[in-house]
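User: I'm new to this one, could you walk me through it in plain terms?
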Amino acid sequence: MRMNPAAGRSTPLGYRMLRGILRPMVMRLTDPHWSGAEHLPKEGGFIVVANHVTNADPASFGHFLVDHHVPVKVLSKAELFTIPLFGRLIRAAGMIPVERGTATAGDSLRAAKEALARGEVIGIFPEGTLTHDPDGWPMRGKTGAARLALETGVPVIPIAQWGIHRIMPRHTGKLATLRKQRVDVKAGPPVDLSDLLGQEITGPVLREATDRMMADIRRLLGEIRGETPPAKVWNLSEDGKMSEQIREKDKAERDARRGSGRKRGARRGSGRRGSGRGREDSPQ
């Protein structure tokens, strides 16, 4: 696929290499169901904020954006840039390292502001880490994306994604299946921050902007899942980490799906042997 990005949205060699490696893999493993691309600004810099369910999230929402000619530069944890070869590749692709919890953490926001001024698109997972909500709903967000939005005034597009965790389970780094899985990615209209722009950027203002972003992401995710998001928003600092419980829960669900699949396969096989007429006689 040849990209045709708007002016200022760069696709350096490292980006094209990364896309060339990841896109065929994602296409092989996913059955994409996309919506809301009409909300992506056709030109100029903007911020994309998305929920963070699994370590494979950048591949799925990046696939959505790239296939709509939007090369996204993601703010990524600095540890990824230390991985041999991969770290060099994502740096060459224009991804921006975030030194979390250090005195240099602000450097990532400065780099992001400079990129937005050039017309780039910046991707941020406001939760800052994989969600620890047991049912996969977005947690309370951190305020970095809100600060970047209020300081630059660029649009903020919320994106919700769901399904890539069936391929790479939550809180793991391993593939669970090589079979195609449905993956939904949905973009919404820009988050309404108009009444906050121009105000002094205080803690309460940042919190309000962040909560609006997360509320829009939760709403979109609810539409994808066909569920009403719970009133309770998981707060990592209060509710704690649930990574071990989530891994066990996901494993139990995978085992149940496999067991159900084996039973369906056995019924289909029994139907074929009994009737001799093939698939049309299967109850499935």
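Analyst: A term to begin with: angles under 35 degrees count as roughly parallel, over 145 as roughly antiparallel, 65 to 115 as roughly perpendicular and the rest as oblique. This is a predicted model, in which local features need pLDDT of at least 70 and side-chain atom pairs count only at pLDDT 80 or more, while totals for chains, interfaces and linings use all residues. Residues are numbered from 1 along each chain as its sequence is written, and side-chain values use heavy atoms, with hydrogens and water left out.

User: What does the secondary structure come to?
Analyst: The protein has eight helices and seven strands, where helices (H or I, at least four residues) and strands (E, at least two) are DSSP runs numbered from the N terminus.

User: And at what angle do helix 1 and helix 2 pack?
Analyst: Helix 1 (residues 13-29) packs with helix 2 (residues 57-66) at about 110 degrees, their axes being 10 Å apart; axes are lines fitted to C-alpha atoms, for helices over the stretch in contact, and angles run from 0 to 180 degrees between N-to-C directions. Helix 1 and helix 2 are therefore roughly perpendicular to each other.

User: Which residues make that contact?
Analyst: Tyr15, Arg19, Arg23, Val26 and Met27 contribute from helix 1, and Ala59, His63 and Val66 from helix 2, with contact meaning heavy atoms within 4.5 Å. They divide into five nonpolar, one polar and two charged, where Ala, Val, Leu, Ile, Met, Phe, Trp, Tyr, Cys and Pro count as nonpolar, Asp, Glu, Lys and Arg as charged, and the others, Gly among them, as polar.

User: Switching to the sheet, what order do the strands have?
Analyst: The seven strands form an open sheet in the order 1-7-6-2-5-3-4, with mixed pairing; two strands pair if DSSP finds at least two bridges between them. Strand 1 (30-35) and strand 4 (96-98) are the edge strands, each pairing on one side only.

User: Is strand 2 buried or exposed?
Analyst: Five of the five residues of strand 2 (residues 46-50) are buried, so strand 2 is largely enclosed by the rest of the structure; buried means under 20% relative accessible area, exposed over 50% and partly exposed in between (1.4 Å probe, protein chains only). Phe46, Val48 and Ala50 point one way from strand 2, while Ile47 and Val49 point the other way.

User: What does strand 2 pair with?
Analyst: Strand 2 pairs with strand 5 (residues 121-124) in the parallel sense over four bridges, and Val48 stands opposite Gly123 there. Four bridges also join strand 2 to strand 6 (residues 156-162), again running parallel, and Ala50 stands opposite Ile159 in strand 6.

User: Back to helix 4, how does it meet helix 5?
Analyst: The axes of helix 4 (residues 106-118) and helix 5 (residues 144-152) come within 11 Å and cross at roughly 40 degrees, which makes helix 4 oblique to helix 5.

User: And overall, how much of the protein is buried?
Analyst: Buried residues make up 45% of the 284 residues in the protein.
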